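Dear colleague,

I am passing on the structure below, followed by notes on what was found in it. Please read the notes with the model open beside them.

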Amino acid sequence: MGRSDPSPPWPPDRTGTAVRDGVRIPYAVHGESRTPTVVLLPTWSIVPSRIWKHQVPTLARDFRVVTIEGRGSPNGDQPRGPDAYLATEMAADVLAVMDEVEVTQAVLVGFSMGGPWAARLAAEQPERVSGLVLLASSGGGIRDEVRADPFDARHPDPQGWEKYNLHHWTEGGWHDFVRFFFDRMFPEPHSTKPLEDAIRWADGADPLRMVDTILALQRDGGAAVMEELCRRVQCPTLVVEGRVDRIRPWRNGERLAAWTGGRLVVAEGSGHAPHVRDPVMINRLLKEFVLSTDTSSTGTSSTGTSSTGTSSTDTSSTGTSSTGTTRTWVRARSRPRRALYLSSPIGLGHCRRDLAVAGELRRHHPDLEIGWLTQEPVTRVLRDAGERVHPACAWLANESSHIEEESGEHDLHAFQAIRRMDEIMVNNFMVFADVVEEGSYDLVVGDEAWDVDYFLHENPELKRFSFAWMTDFVGWVPMPDGGAEEEALTTDYNAEMIEQRARYRRVRDASVFVGSAEDVVDLPFGPGLPGIRAWTKENFDFAGYVTGFVPPTEAERAATRRRLRVGEDDLLCVVTVGGSGVGGSLLRRVLDAVPAARRLVPDLHFLVVTGPRLDPASLPRRRGVTYRGYLPDLYRELAACDLAVVQGGLTTCMELAAADRPFLYVPLQHHFEQNVHVRHRLERYGAGTCVEYADASDPDHLAEAMAKELRRETRGLAVETDGAARAALLLAQLL
């Protein structure tokens with residue numbers, strides 16, 4: 001909230017600036033080597049080209065995509081006067097960028113005010129436009145209400161469209177109008193994130209330039225000019241309208257489709273920006289439309305699989321294509337059993353349990369082919385285990401990198417970080433959707449694959465496989481210092497999830513909680529919503545905890561200690577912070593406390609494990625400390641220790657609990673899962689001792705906590721050993 005945009009998951013291949021009549025026009029090119037080209041036009045200057053953030057990564061997997069920062073926008077030049085913003089100027093800017101990046105012909109996509117500019121180019125430069133998409137476009141000529149004119153006198157108490165007024169904008173009411181306008185733009189329930197984005201973007205807009213844009217719009221001629229232009233359009237045209245558009249009536253689209261002879265798609269329940277609120281539907285429409293205008297398609301998809309199928313037994317149609325390739329159809333009974341496993345890449349804990357569940361699942365179905373769709377560093381672990389990693393993993397945007405970008409000094413506002421992962425989630429779901437469309441999967445298992453679970457509920461028509469959802473926590477929980485605003489946001493997210501499940505229960509064929517009912521926090525989802533534990537009992541099956549390993553025996557523990565060169569009378573402290581790369585500051589705090597700890601416990605030796613995303617060489621050297629990077633079987637070192645100091649992640653803590661080891665855990669600040677869900681579970685098991693990060697800043701305090709934990713009795717609740725088998729049994733029934 002109030003922060004700048006996260007870094008885009010895929011940086012552009014090229015950025016540059018075209019200059020026309022002294023005005024700088026920044027642009028970006030994605031997928032530069034691909035054809036055909038899609039140009040996503042600027043829209044009203046109140047927002048930058050980031051309004052297309054949910055489209056760019058998906059389209060760029062198959063096409064060259066050009067985005068443009070329109071004049072007057074927060075990221076563009078700011079010429080003065082209405083004449084600088086006439087439709088002829090805006091269209092000429094687009095043409096100048098196309099010339100600059102050597103685009104001879106492109107599909108143009110115009111949203112809202114960008115629609116008339118795209119239509120003008122299609123009419124006046126037909127050889128440059130292979131297709132035209134008008135998305136909630138201006139220029140249809142119908143209004144459902146009378147709006148205030150920017151030249152109207154001040155309104156003593158501006159309400160509604162009276163805020164659309166020169167005086168209101170320039171005399172302190174701009175932010176009031178912005179909130180009103182985007183409230184109208186996003187009428188769909190649970191639109192807090194796009195609303196937040198749009199308001200933040202509009203903060204960079206100049207109200208005086210916005211007045212110029214509206215005066216220019218009035219001089220452009222309105223519906224009569226738009227009709228004349230549209231009737232001259234010769235290329236294929238797609239018109240998309242949201243039925244509950246509160247900026248302009250959706251019936252404008254009927255006129256535009258009639259004038260252009262184009263196809264009209266009406267999105268029932270969508271507002272003025274369906275590409276923002278319903279990106280999966282829009283992305284699929286755009287891809288289908290662009291491909292229909294292209295005569296040079298090779299039949300190979302961006303996910304690394306041919307249109308003839310992902311394998312010799314994975315096809316769905318017969319015949320010979322226009323390129324001469326043969327496609328094969330396989331009878332249903334002859335197809336192998338296939339599962340696609342989605343393992344969360346945020347940390348490495350999910351991977352071990354998923355491998356364990358997959359192994360048990362193969363015991364039920366030895367013929368089962370399991371493919372994996374996930375990201376680094378999980379793909380490294382899977383390859384080492386001999387698993388089949390789908391080539392489309394290369395197209396997934398990296399969630400771990402995003403988490404690292406969002407983190408501070410041992411501080412990660414996990415709820416907000418996941419909210420701000422929205423464009424990553426759209427991209428990754430679109431990759432998933434292509435994979436399952438091109439493949440033939442009997443079962444998809446999503447271990448906290450939030451993108452897939454969410455967008456399948458939003459687009460249930462895309463489900464054509466059994467789908468099992470796995471998680472080890474339920475419910476977004478606000479942090480105390482987030483106040484009423486964060487409580488409202490978490491409540492809204494929880495309510496949306498509850499509504500999705502109530503409306504489309506058929507999306508999940510199984511919901512598996514990794515743990516017991518008592519591991520679920522007994523808190524409300526929010527005001528007016530049910531309790532988390534009660535709702536989870538009604539909606540989930542419980543597998544018990546899945547460690548992914550059998551706790552080592554004393555003999556195995558002794559062997560590990562010998563391998564680590566730990567003497568019989570020595571004490572070993574293992575320090576580790578997981579696989580996401582967020583824990584570097586905690587490692588340094590522990591290293592600062594090493595001298596004091598060794599004074600209190602002279603025989604104490606330390607093994608510091610940085611994980612796959614932190615370089616051990618970046619840490620300060622300390623006597624009595626051994627440094628390691630990624631250890632594939634870290635649970636063995638944890639089981640062999642006398643003490644551990646770890647982050648508050650569930651997997652590592654439960655591995656220590658299963659091995660009956662004493663440990664200190666330091667939850668990431670503002671990480672709701674570690675501070676609430678994990679802490680609740682560990683207290684139930686009687687495992688570990690929580691240390692706040694602020695307390696860990698004092699080396700003497702942390703050293704004393706280590707010495708005290710070494711003496712603590714660790715006989716807590718035993719951790720389940722059959723969780724993987726129980727989870728696999730629930731999944732096996734779906735095959």
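**Cavities, sheets and loops**

Elements that each supply at least two residues of the lining of the largest cavity are α11 (349-364), α14 (414-419), α21 (634-640), β21 (643-647), α22 (650-658) and α23 (672-685); helices (H or I, at least four residues) and strands (E, at least two) are DSSP runs, numbered from the N terminus. Please bear in mind that this is a predicted model, in which local features need pLDDT of at least 70 and side-chain atom pairs count only at pLDDT 80 or more, while totals for chains, interfaces and linings use all residues. Residues are numbered from 1 along each chain as its sequence is written, and side-chain values use heavy atoms, with hydrogens and water left out.

The structure holds three cavities of 30 Å³ or more. A cavity here is a set of points, on a 1 Å grid over the protein atoms alone, where a 1.4 Å probe fits but cannot get out, and lining residues have an atom within 4 Å of a point; grid points are joined across faces, edges and corners, and a volume is the space filled by probe spheres set on the points. The largest cavity has a volume of about 830 Å³. It is lined by 45 residues, of which Ile346, Gly347, Leu348, Gly349 and Thr651 are the closest to its centre. By class, this lining divides into 23 nonpolar, 16 polar and six charged residues, where Ala, Val, Leu, Ile, Met, Phe, Trp, Tyr, Cys and Pro count as nonpolar, Asp, Glu, Lys and Arg as charged, and the others, Gly among them, as polar.

For the second largest cavity the volume is about 190 Å³. Its lining consists of 19 residues, and those closest to its centre are Leu342, Gln375, Glu399, Ala449 and Asp451. Two or more residues of this lining come from each of β11 (338-343), α15 (422-438) and α16 (450-458), and the lining as a whole has ten nonpolar, five polar and four charged residues.

One of the elements that line the second largest cavity, β11, also pairs with β14 in the parallel sense over five bridges (two strands pair if DSSP finds at least two bridges between them). Within that pairing, Leu342 stands opposite Gly446 in β14, and Leu342 is also among the residues closest to the centre of the second largest cavity. Strand β14 (residues 443-447) pairs with strand β15 (residues 466-471) as well, again in the parallel sense and over five bridges, and there Gly446 stands opposite Trp469. β14 is mostly covered, five of its five residues being buried, which here stands for under 20% relative accessible area, with exposed being over 50% and partly exposed in between (1.4 Å probe, protein chains only). Leu443, Val445 and Asp447 point one way from β14, whereas Val444 and Gly446 point the other way.

Turning to the element β21, this strand belongs to an open sheet of six strands with parallel pairing, in the order β20-β19-β18-β21-β22-β23. The edges are taken by β20 (625-628) and β23 (689-690), each of which has a single partner strand, so one side of each is left without a neighbour in the sheet. Strand β18 (residues 571-576) runs parallel to β21 and is joined to it by four bridges, with Val575 having Val645 as its bridge partner in β21. α22 packs on this sheet and touches β18, β21 and β22 (663-666), its direction making about 160° with that of β21; contact means heavy atoms within 4.5 Å, and axes are lines fitted to C-alpha atoms, for helices over the stretch in contact, with angles running from 0 to 180 degrees between N-to-C directions. α23 lies across β21, β22 and β23 and runs at about 160° to β22.

Some backbone details may also deserve a look. A cis peptide bond joins Thr35 and Pro36, with omega about -5°, and Pro36 lies in the loop between β2 (23-30) and β3 (37-40). Another cis peptide bond joins Glu376 and Pro377, with omega about 5°, and Pro377 is found in the loop between β12 (369-373) and α12 (378-384).

With kind regards

Conventions:
On a 1 Å grid over the protein atoms alone, a cavity is a set of points where a 1.4 Å probe fits but cannot get out, and a pocket is an open set with protein on both sides within 12 Å along at least five of seven lines; lining residues have an atom within 4 Å of a point.
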